[in-house]
Amino acid sequence: MFCSLLTDDLLLRILEKLDDDADRRKWRLVCKDFLRVDCMQRTSLRVLRAEFLPNLIAKYGNATRLDLSVCPRIDDGTLSFLLSRGWAARWFGRLKEVVLLRTTGLKPTGLEMLIRACRNLERLDVSHSLEFGDRECAAMAWGGGLREVRMDKCLNVTDVGLVKVAVGCPKLESVSLKWCLEVTDMGIDLLVRKCQGLKSLDISYLQVTNESLKSISSLQKLEVLGMVRCQFVDDAGLEYLGTGCPSLQIVDISRCKSISTIGLNSLIGGHRGLTQLVAGYNVPEPSPAFLTLLSNLKNLKSIRIDGARVSESYLQTITDNCKLLTEVGLSKCKGVTDNGIIQLVSRCINLRILDLTCCDTVGDAAISAVANSCRNLNCLKLEACKLVTMKSLQSLGSHSILLKEIDLTDCYGVVDKGLFHLSKCFGLASLKLGLCANITDEGLSSIASKCSRIYELDLYRCAGIGDNGLAALSNGCTRLKILNLSYCTKITDQGLAYIGQMDELLELEMRGLVNITNTGFTAVVAGCRRLSELDIKHCENVTDSGFWALAYHGQNLRQLNISNCSISDTVLCMLMGNLTRLQDIKLVDLSNITVEGLELALKACRARIKKVKFSALFTQLLSVELMETLKARGCKIRGD
């Protein structure tokens with residue numbers, strides 16, 4: 001009765017306030033009017049099963065984004081059937097973005113049908129599609145209106161395929177080619193010639209040389225360039241960039257081993273308008289010339305120089321000149337001290353992200369200064385900062401009320417009282433406490449009682465965490481999606497029963513829980529039906545009974561590690577046959593498994609499995625025919 005009094009416009013305004021997926025699911029279940037409004041408002045569709053697609057298309061008519069990344073089995077036949085229906089073809093014609101991440105069922109013919117049907121398509125992601133090659137690129141070339149293409153780790157794409165895309169899609173503004181190892185200088189040169197409107201280009205991990213950078217330097221509109229670990233690029237290549245690309249604002253040259261401060265000086269000397277500079281593990285020790293040029297980057301908002309040797313004078317230069325900084329990355333930098341950080345934050349008060357990972361001389365004085373000065377801090381990474389104690393967390397709890405992410409891994413100065421103070425940061429979304437040996441259920445309960453928005457929690461090897469802490473967690477952190485409980489050896493079946501109540505969990509690591517049995521494991525898999533990644537390595541008391549339950553309830557699993565567990569041939573075969581979305585599985589040291597059993601299990605999932613790892617001995621004993629079939633289907637096989 002009450003719902004009928006609310007207009008669609010008012011309901012839409014209410015729905016826009018719901019950011020969390022869980023809240024939106026609950027909204028849809030209230031009544032038919034709420035469901036109808038959700039269908040009207042939703043513009044993005046993520047499909048879990050191919051058979052659901054026709055009904056979803058009919059229901060969500062305003063969608064402009066289709067994500068098939070968790071539905072890798074959609075094939076040419078399914079697509080052909082849909083496109084033969086006029087109403088479905090019109091729906092595809094309205095799409096502006098399609099995500100085909102890890103999709104394996106679509107062949108060149110099906111991809112061409114899809115591209116042709118999506119007349120307004122602007123963005124396409126085919127990353128990590130291991131079978132994707134030049135023929136698929138030819139199909140992509142039909143997307144003449146494409147503006148953004150991601151082809152990360154498409155290992156079969158060569159210069160020929162890239163040129164076909166460039167010729168067919170001249171309006172491209174953003175291209176990502178990370179790990180496309182067959183692409184060479186020639187392919188990059190032709191891409192640049194045909195797509196002069198490029199604004200973003202990522203060639204990270206490619207085996208290209210300075211010739212590619214010479215070509216790229218002619219791009220007048222290029223704003224973003226990623227070239228992580230381009231091993232054959234040196235200072236001469238950066239000199240080309242320094243004299244070209246007048247619009248360049250963001251550049252990532254991390255781990256390019258042939259680049260020195262000379263090349264870096266050429267780059268930043270020619271681009272005083274840079275807003276983001278990532279040069280991790282390139283500059284062992286900044287030179288005076290580099291510091292002078294750095295002082296000219298008045299618009300710099302983000303700088304990462306991970307692995308460098310820095311001094312207080314270096315940080316003083318940043319402080320005096322780069323006052324717009326919102327992100328600073330000093331991970332594994334040598335020479336970082338409390339005084340240096342105090343100087344940095346005294347002027348850079350707008351910092352939102354600060355990474356001090358492995359800066360082992362940074363202590364409470366520095367973190368207190370960060371908390372006092374940087375009131376807009378969102379993310380703080382302090383892994384292995386062993387001098388950090390309760391005083392730091394007390395300062396953060398008092399002043400950093402906007403903090404959303406903090407990494408305290410291996411900070412053994414963190415104790416329960418520190419977590420009590422940290423719990424005042426009510427907006428915490430990600431908390432990493434791995435290897436914090438001095439925290440107990442009491443500290444975890446403090447966090448759970450006040451930080452209800454946490455979606456990621458890492459408790460790796462927190463030996464003091466037990467069932468009571470998990471009880472508090474299940475009551476207070478109902479939005480938790482990623483949880484690591486590995487080697488928390490106090491946890492028993494009762495603790496897992498509490499975890500089973502957390503139905504939003506997507507990723508769960510619980511290695512080495514020696515006190516759990518089939519009872520607790522069954523409670524988890526029956527309650528956490530949305531799990532897509534599960535790691536139970538070394539849970540040796542979980543046996544066939546528990547794996548039967550997993551086979552029945554774990555239909556959404558895509559990644560599974562059951563190494564060093566007690567499972568029989570029959571149950572393994574049934575498990576791998578039933579988990580129809582499984583793509584990655586680890587099967588190392590399964591003492592009860594025979595060669596015949598493993599072979600049958602692999603045959604049961606050979607059409608969809610993409611990664612499998614088992615004991616090295618099996619690689620010699622499994623049939624050659626099976627191994628060749630798996631490899632032909634794009635499966636990566638590892639022996640351990």
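1. A helix, as the word is used in this note, is a DSSP run of type H or I with at least four residues, and helices are numbered from the N terminus. On that basis Arg-193 and Asp-189 both belong to helix H10, where four residues, about one turn of the helix, separate them. The model discussed here is a predicted one.

2. Arg-193, at 57%, is exposed, whereas Asp-189, at 22%, is partly exposed. Exposed requires over 50% and buried under 20%, so Asp-189 falls in the class between them.

3. Across the whole structure, the search finds 18 salt bridges. One of particular interest to the reader may be that of Glu-131 with Lys-610, in which the closest N and O atoms are 3.7 Å apart. Glu-131 is located in the loop between strand E4 (123–125) and helix H8 (134–140), and Lys-610 in the loop between helix H26 (595–604) and strand E23 (611–614), so the pair ties together parts 479 residues apart in sequence. Glu-131 is partly exposed, with a relative accessible area of 30%, while Lys-610 is buried, with a value of 10%.

4. A further salt bridge is formed by Lys-386 and Asp-410, with 2.8 Å between the closest N and O atoms. This pair links distant parts of the chain, 24 residues apart: Lys-386 is in the loop between strand E14 (379–381) and helix H18 (390–399), and Asp-410 is in the loop between strand E15 (405–407) and helix H19 (416–422). Lys-386 counts as partly exposed at 29% relative accessibility, and Asp-410 is likewise partly exposed, at 22%.

5. Salt bridges also occur as a network, which links Arg-65, Glu-97, Glu-122 and Arg-123.

6. Turning to the rings, six aromatic pairs are found in a search of the whole structure. Among them is the pair of Phe-290 and Tyr-314, with 6.3 Å from centre to centre and 70° between the planes. An angle over 60 degrees counts as edge-to-face, so this pair is placed in that class. The pair links distant parts of the chain, since Phe-290 is in helix H14 (residues 288–294) and Tyr-314 in helix H15 (residues 312–321), 24 residues apart. Both partners are buried: the relative accessible area is 1% for Phe-290 and 2% for Tyr-314.

7. Two arginine side chains are placed over tyrosine rings. Arg-42 lies over the face of Tyr-60, at 5.0 Å from the ring centre. Arg-461 lies over the face of Tyr-487, at 4.0 Å from the ring centre.

8. On the surface, Leu-155, Trp-179 and Leu-181 make up a nonpolar patch, and their accessible area together is about 230 Å². Trp-179 is found in the loop between strand E6 (174–176) and helix H10 (185–194). With a relative accessible area of 34%, Trp-179 is partly exposed.

9. As for the overall layout, the domain assignment gives domain 1 (42–174 + 182–190), domain 2 (199–296) and domain 3 (301–388). The C-alpha centres of domain 1 and domain 3 are 42 Å apart.

Note on methods
Residues are numbered from 1 along each chain as its sequence is written. This is a predicted model: local features need pLDDT of at least 70, side-chain atom pairs count only at pLDDT 80 or more; totals for chains, interfaces and linings use all residues. Side-chain values use heavy atoms; hydrogens and water are left out. Rings of Phe, Tyr and Trp (its six-membered ring) pair if their centres lie within 6.5 Å; planes under 30 degrees apart count as stacked, over 60 as edge-to-face and the rest as tilted. Helices (H or I, at least four residues) and strands (E, at least two) are DSSP runs, numbered from the N terminus. Buried means under 20% relative accessible area, exposed over 50%, partly exposed in between (1.4 Å probe, protein chains only). A charge sits over a ring if NZ of Lys or CZ of Arg is within 6 Å of the ring centre and within 35 degrees of the ring normal. Patches are made of residues with over 30% relative accessible area and no salt bridge: like charges are joined within 9 Å, nonpolar side chains (Val, Leu, Ile, Met, Phe, Trp, Tyr) within 5 Å. Accessible areas come from the Shrake-Rupley method with a 1.4 Å probe; for residues, only the protein chains shown count as cover. A salt bridge is a side-chain nitrogen of Lys or Arg within 4 Å of a carboxyl oxygen of Asp or Glu. Domain bounds come from an automatic or database domain assignment.
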